[in-house]
Amino acid sequence: YTKAPERYTDAYPALKRSVELEGDGSTAAVLVYYFRVAAKMVQMKKIEKAELVDAYDRVSTIIDHNLKNSAKASAYENAQRNVELTFEPYASCPDLIGIYEEKYKASPEDAELMRKIISILEKKSCTDAELYMNATIRLNALEPSPESSYLIGKMYIRKGNQQKAAEYLAKGTTMEDPEERADCYLLLANAHFQLKSYRQAREAALEASKLRPADGRPWILIGDMYASTAGECGDNKVSARAAYWAAVDKYVRARSVDPGMEKEANEKIATYSRYFPPAEDIFFYGFADGQAYTVGCWINESTTVRSLK
């Protein structure tokens with residue numbers, strides 16, 4: 001390739017075979033030459049663009065491995081830049097989707113193909129494509145895992161389908177990584193909140209809090225649930241506002257465990273404290289500030305009576 005560049009058609013199969021044989025042991029230079037020749041082959045219409053995309057997937061996977069594990073990581077960083085630059089003209093999402101859509105339709109039972117589609121679309125930031133979602137769902141059907149269920153749940157949330165999101169996120173809560181489990185439970189809580197499944201939403205938020213005690217977001221979310229359903233949880237001027245006491249309790253809890261949530265929590269405390277019942281209503285219904293009170297309906301939680309100041 002370097003001494004007789006016109007013989008690129010001879011260089012291509014040799015470089016390709018070298019990479020197949022060496023795998024993760026391929027040198028950075030060989031990976032760059034292999035990919036450049038592959039691009040030349042496409043340019044000269046000797047191979048289809050799909051073969052270049054496959055070469056990109058193979059090369060970038062090897063580079064990723066060596067960036068993490070090789071003592072010569074800097075050489076692979078340079079190789080990565082060269083490969084990305086060479087691939088740029090062929091890397092548009094429509095191009096990639098056009099290539100892999102047909103492969104997906106032809107081999108829907110091929111788990112390895114699904115992994116390749118997911119990998120290549122992730123690398124080129126094409127994750128909004130319908131094909132990406134379809135391949136992920138298909139891979140999960142072929143090889144179920146909590147990780148892929150979590151990923152699918154997140155995609156359904158982006159599409160606004162909270163019901164489907166909740167179904168998949170529930171399966172994702174068995175992931176091994178506690179941080180990912182906490183994230184999954186928090187998303188599940190939000191999905192159930194949108195579906196007005198408040199008990200399930202609170203349960204998921206509490207699980208997220210157990211896994212990540214210093215995160216105030218679960219408490220903010222529970223407070224929002226209480227505030228949004230306050231009018232449904234009472235039948236007089238005090239009981240219909242009692243849920244705001246419980247909501248403010250949760251916002252106070254959020255800022256106490258997570259200083260980063262203090263601004264948001266304080267804003268919500270200020271907002272919902274304005275809905276506390278006035279002192280005359282509290283007196284009329286036989287209550288007093290500081291008295292214990294149990295909020296009814298689905299909340300069913302103890303709080304403290306407070307009048308509007």
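Analyst: The largest nonpolar core has 97 residues, a nonpolar core being a set of buried Ala, Val, Leu, Ile, Met, Phe, Trp, Tyr and Cys residues joined through side-chain atoms within 4.5 Å. Buried means under 20% relative accessible area, exposed over 50%, and partly exposed in between, with a 1.4 Å probe and protein chains only. This is a predicted model, where local features need pLDDT of at least 70 and side-chain atom pairs count only at pLDDT 80 or more, while totals for chains, interfaces and linings use all residues. Residues are numbered from 1 along each chain as its sequence is written, and side-chain values use heavy atoms, with hydrogens and water left out.

User: Which residues have the most contacts inside that core?
Analyst: Phe87 and Met225 do. As for elements, helix 2 gives the core its largest share, ten residues. Helices (H or I, at least four residues) and strands (E, at least two) are DSSP runs, numbered from the N terminus.

User: Why would such residues be buried together?
Analyst: In soluble globular proteins, nonpolar side chains tend to be buried together.

User: OK, what does Phe87 touch?
Analyst: Not counting residues up to four places away in sequence, Phe87 touches Phe35, Leu52, Val53, Tyr56, Leu96 and Lys124. Contact here means heavy atoms within 4.5 Å.

User: Where is Phe35, then?
Analyst: Phe35 is in helix 2. Its relative accessible area is 0%, so Phe35 is buried. With neighbours within four places in sequence left aside, Phe35 is in contact with Leu52, Ala55, Tyr56, Val83, Thr86 and Phe87. Pro108, 73 residues from Phe35 in sequence, is 28 Å away from it, C-alpha to C-alpha.

User: Why do residues three or four places apart point the same way?
Analyst: An α-helix has 3.6 residues a turn, so residues at that spacing point the same way.

User: How far does helix 3 reach from end to end?
Analyst: Helix 3 covers residues 49–69, and its end C-alpha atoms are 30 Å apart. At 1.5 Å a residue its 21 residues should span 30 Å, so the two values agree. The expected span is 1.5 Å times one less than the number of residues.

User: What do its buried residues pack against?
Analyst: The buried residues of helix 3 pack against helix 1 (8–22), helix 2 (28–43), helix 4 (73–87), helix 5 (93–106) and helix 6 (111–123). Among those buried residues are Leu52, Val53, Ala55 and Tyr56.

User: And Asn66, buried or exposed?
Analyst: Asn66, in helix 3, has a relative accessible area of 7%, so it is buried. Its side chain reaches the backbone oxygen of Ile62 at 2.9 Å. Leaving aside neighbours within four places in sequence, Asn66 is in contact with Asp24, Ala73 and Tyr76.

User: New topic: how do strand 1 and strand 2 pair?
Analyst: They pair in the antiparallel sense over four bridges. Two strands pair if DSSP finds at least two bridges between them. Ala292 stands opposite Thr304 in strand 2.

User: Which way do the side chains of strand 2 point?
Analyst: They alternate along residues 301–304.

User: Where is Lys45, and what is its phi?
Analyst: Lys45 is in the loop between helix 2 and helix 3. Its phi is positive, near 60 degrees. With a relative accessible area of 72%, Lys45 is exposed.

How values were computed: Polar contact = N/O pair within 3.5 Å; in protein donor to acceptor, adjacent residues only side chain to side chain.
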